[in-house]
Amino acid sequence: MKKGILYLNQFFGQIGGEDKADYEPSIHDGQVGAGLLLNNLLEDAEITHTVICGDNFMGSNEEAAVDSILGFLEGKEFDIFFAGPAFQAGRYGNACGVICKAVKEKFGVPVVTSMHQENPGVDMFKKDIYILRGGPSAANMKKDMPKMAGLGNKLLKGEEIKGAEAEGYYPRGIRFEIFLEDETPASERAISMLLKKINNEPFVSELPIPELETVPIAPAIKLADAKIALITSGGIVPVDNPDKIQSASATRWGRYSIEGMKRLGNEADGAFKTIHAGYDPSAANADPNITLPLDALRAYEEEGKIGSIHDYYYATVGTGTAEGEAARMALEIIEYLKADNVDAVILTST
Amino acid sequence: MRLEIGNFHVHNVEFGKTSSYKDGTLTINKEEALAVVLEDEHITDADIVLTKPGDDVRIVPVKEAIEPRFRLNGGPAFPGVTGKIERVGSGKAVALKNCSVLAVGKHWGSFGDGLIDMSGEGAKYSIFSKLNNICLVADTDEEFERHQIQKKNHALRWAAHRLAEYLGSIVKDMTPDSSELFELEPITKRDEKVQGLPSVVFVMQPQSQIEESGFNDLVYGWDTNTMLPTYMHPNEVLDGAMIGGSYMCCSSKWSTYDFQNCPTIKSLYNEHGKTINFLGVIMSNLNVSLEQKERAAMFVQQIASNLGADAAIITEEGYGNSDADFIECIRLLEEAGIKTVGLTNECTGRDGLSQPLAALDISADAIVSCGNVSTLIELPPMGTVIGELESLMRDGLSGGWAGDEKLGPSVREDGSIIMENNSMFCGDSTLGQSPKMVIEF
Amino acid sequence: MVKEIEKAGITVVQMANLIPIARTVGSNRMVPTISIPYPLGDPKTSKEEQWKLRYHRVGVALDALSTDIEEQTVFEV
């Protein structure tokens with residue numbers, strides 16, 4: 001028999017209403033309130049403990065609440081963690097999201113909650129955890145709890161979790177390929193989509209265009225005393241590729257000294273070349289400065305237009321490289337940049 | 001243009017004294033077939049190995065696939081490759097269906113090569129697992145590229161085309177098991193009923209991003225890197241005018257077989273005269289610099305507009321920076337009021353979290369998504385390997401690697417493998433075969 | 001990569017040929033290069049011409065770093 005733990009707010013945990021919203025976290029053996037329903041719906045598992053916390057307490061003392069709940073769970077055996085359903089209750093939705101995310105990170109067990117689409121907790125946490133689509137109010141308890149139990153049963157049995165639409169959870173921003181059961185080839189899907197589009201009928205794109213994510217613009221720098229670093233995704237490396245950076249789908253990067261170098265030597269000199277598989281390498285092998293413009297930057301350093309050049313350049317390969325990997329590599333590189341007080345970066349990409 | 005393809009449905013392939021075809025069995029005189037292969041002195045070693053669906057067989061490195069064909073009106077089946085330049089797409093041809101000639105490296109692989117499993121879990125990743133494969137396994141004296149990641153694979157690819165034409169010739173005087181007719185009249189000569197239907201063009205963006213010749217897809221033997229978008233009859237595509245290249249990550253690639261059997265062209269033919277007026281194909285390409293991408297997209301917009309297209313289907317043979325060509329074309333077609341549906345695959349990373357296309361635009365509101373190149377695939381050993389398994393990890397195949405901190409090498413001692421979909425042979429079939437879709441999790 | 005660097009408060013300029021891609025990944029300061037295989041020097045031209053082009057565009061990139069901007073900006077070369 002597998003074991004699950006459920007998180008409820010003060011109301012569903014039968015502590016009280018709004019007047020008890022400051023209730024500090026507590027843990028109880030067995031099932032309380034809505035936990036009875038969940039327990040009955042689980043196939044080969046039981047709810048061994050129920051955690052209860054007031055919504056306002058979680059809202060205004062998040063760190064303390066999370067710490068104390070994680071403390072309760074320490075040393076307890078459990079295979080899954082549930083929270084809610086939170087319906088359209090905003091503070092409860094936030095609490096379910098916060099605690100599910102924390103439990104998942106600390107204990108590595110699957111976590112499941114449920115919220116109505118207008119609950120702000122959905123957008124805050126849908127990328128981190130399974131949030132099932134739920135109804136707006138507690139009147140939907142008998143619909144939403146079985147959905148939580150259903151996904152929980154699948155997770156506990158190690159069954160394949162299908163896509164967001166099929167399972168009824170909010171998309172987590174993860175896209176994977178599936179094999180269509182009816183094997184409808186892409187050509188037929190394209191024709192059918194085209195006919196709908198021509199006839200102004202509704203159609204569903206298989207690739208909804210995500211919104212562009214931007215970052216705050218970093219301020220302008222004063223060039224005259226700035227230290228500038230060069231980074232490239234064009235795969236310029238020492239000819240022996242000492243860090244074995246992959247030619248595509250790279251997960252590695254390199255940091256190479258350019259101290260005192262006026263320009264990058266080429267492949268024939270036994271100095272630098274490109275290992276990028278996404279373009280014709282001959283020009284960059286003959287003169288790596290066309291991809292990593294050290295020579296030009298040195299000229300500006302000598303003229304005094306910039307203060308100095310950081311003694312190392314950084315390189316990886318940008319073809320087919322996963323965004324998550326690129327972000328991780330960037331964070332690793334940034335540590336070196338910060339340590340050497342680099343003010344600005346010229347990043348060349350191919 | 002009117003093209004009649006006489007089909008011979010091959011259920012069994014075997015070697016025998018005389019090359020012949022009878023009741024679904026194709027018999028190959030190996031010596032005669034190899035003589036055709038060895039016409040090129042650069043082929044130093046060659047063998048033909050047969051395999052069929054369900055066999056406990058893994059094939060790698062696969063460089064090209066071709067459906068055996070022969071043109072009955074004279075002229076080469078693959079103009080510019082197996083013979084001089086002659087127009088194809090009309091008249092009569094014969095085809096050996098349900099089979100393909102595969103060009104397989106005896107040892108050496110390259111970036112664009114792929115893998116095919118003939119049975120088991122791996123078989124679902126490539127449509128070529130469902131065909132009777134006639135594998136030309138060969139080595140060449142092309143020393144200049146022996147240890148290059150990118151190889152032109154010229155000798156082997158051309159030999160496979162010669163072999164495909166030779167096999168096609170076996171049935172040239174026979175009555176086909178069935179036949180297919182592809183006929184599309186000139187645009188202004190169609191009857192009123194057809195003219196009244198919404199007009200649709202098919203825009204193809206074959207892979208053409210290497211500036212040095214010898215790697216890209218060919219049109220009548222001409223490197224597609226050096227062309228501007230042009231209007232073609234769909235029959236030319238089905239009849240050997242287009243030849244697969246030797247550069248792109250394999251699951252994104254279109255082999256010659258894929259061109260010859262292009263499912264989207266066939267689907268458009270099926271709808272022609274019923275729901276749409278199929279205008280034909282705009283053969284575009286994929287480029288390297290922004291200026292080239294913009295110029296090609298501009299030509300596509302201009303041709304589509306002046307043909308009077310109301311709608312378009314567009315497909316790209318590639319991902320990464322070629323997504324910019326694809327998206328720019330869609331943007332310009334939509335700008336011209338042409339309702340467009342795009343076919344592509346995605347690169348969302350092994351964790352599925354990456355931006356699906358390198359370039360995106362809100363005008364691309366109707367996309368059919370054929371696969372994720374970065375899907376991680378782990379497969380058990382197979383009893384027999386045709387080619388050389390080590391090539392997957394040794395030779396820079398786009399979906400294989402020599403070492404990885406977490407995953408280890410792509411090829412393990414027991415013959416089991418771990419790889420990215422990137423190297424599944426023509427697995428994402430963006431010409432329309434793909435039964436895959438990318439969905440949100 | 002460029003987003004992470006900017007998030008860390010380090011001013012960054014991306015030199016890229018494919019501006020639509022740079023824009024899609026959220027780059028704020030962009031300077032166009034002439035191609036993918038040879039961003040800053042066409043091998044079909046003389047060494048001197050390549051140098052001039054490279055010196056000029058790197059100069060534009062440096063000026064971009066020292067310019068305050070309000071939105072994603074492509075600096076003219």
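Reader: In which sense do β7(A) and strand β25 of chain B pair, and over how many bridges?

Author: Strands are DSSP runs of E, at least two residues long, and helices are runs of H or I of at least four, both numbered from the N terminus. Two strands pair if DSSP finds at least two bridges between them. Here β7(A) and β25(B), residues 436–440, pair in the antiparallel sense over five bridges. Phe179(A) stands opposite Lys436(B) in β25(B). This is a predicted model, in which local features need pLDDT of at least 70 and side-chain atom pairs count only at pLDDT 80 or more, whereas totals for chains, interfaces and linings use all residues. Residues are numbered from 1 along each chain as its sequence is written, chains are lettered from A and ligands numbered from 1 in the order written, and side-chain values use heavy atoms, without hydrogens and water.

Reader: How many salt bridges does the rule find across the interface of chain A and chain B?

Author: A salt bridge places a side-chain nitrogen of Lys or Arg within 4 Å of a carboxyl oxygen of Asp or Glu. The rule finds six across this interface. Arg175(A) and Glu440(B) meet in a salt bridge through their side chains, at 3.4 Å from N to O.

Reader: What is the area buried between chain A and chain B?

Author: Buried area is the accessible area (1.4 Å probe) that two parts lose on being put together, summed over both. For chain A and chain B the value is about 5000 Å², with 61% given by carbon and sulfur atoms. In chain A, Arg175(A), Glu177(A) and Phe179(A) lose the most area to chain B, together 15% of what that side buries.
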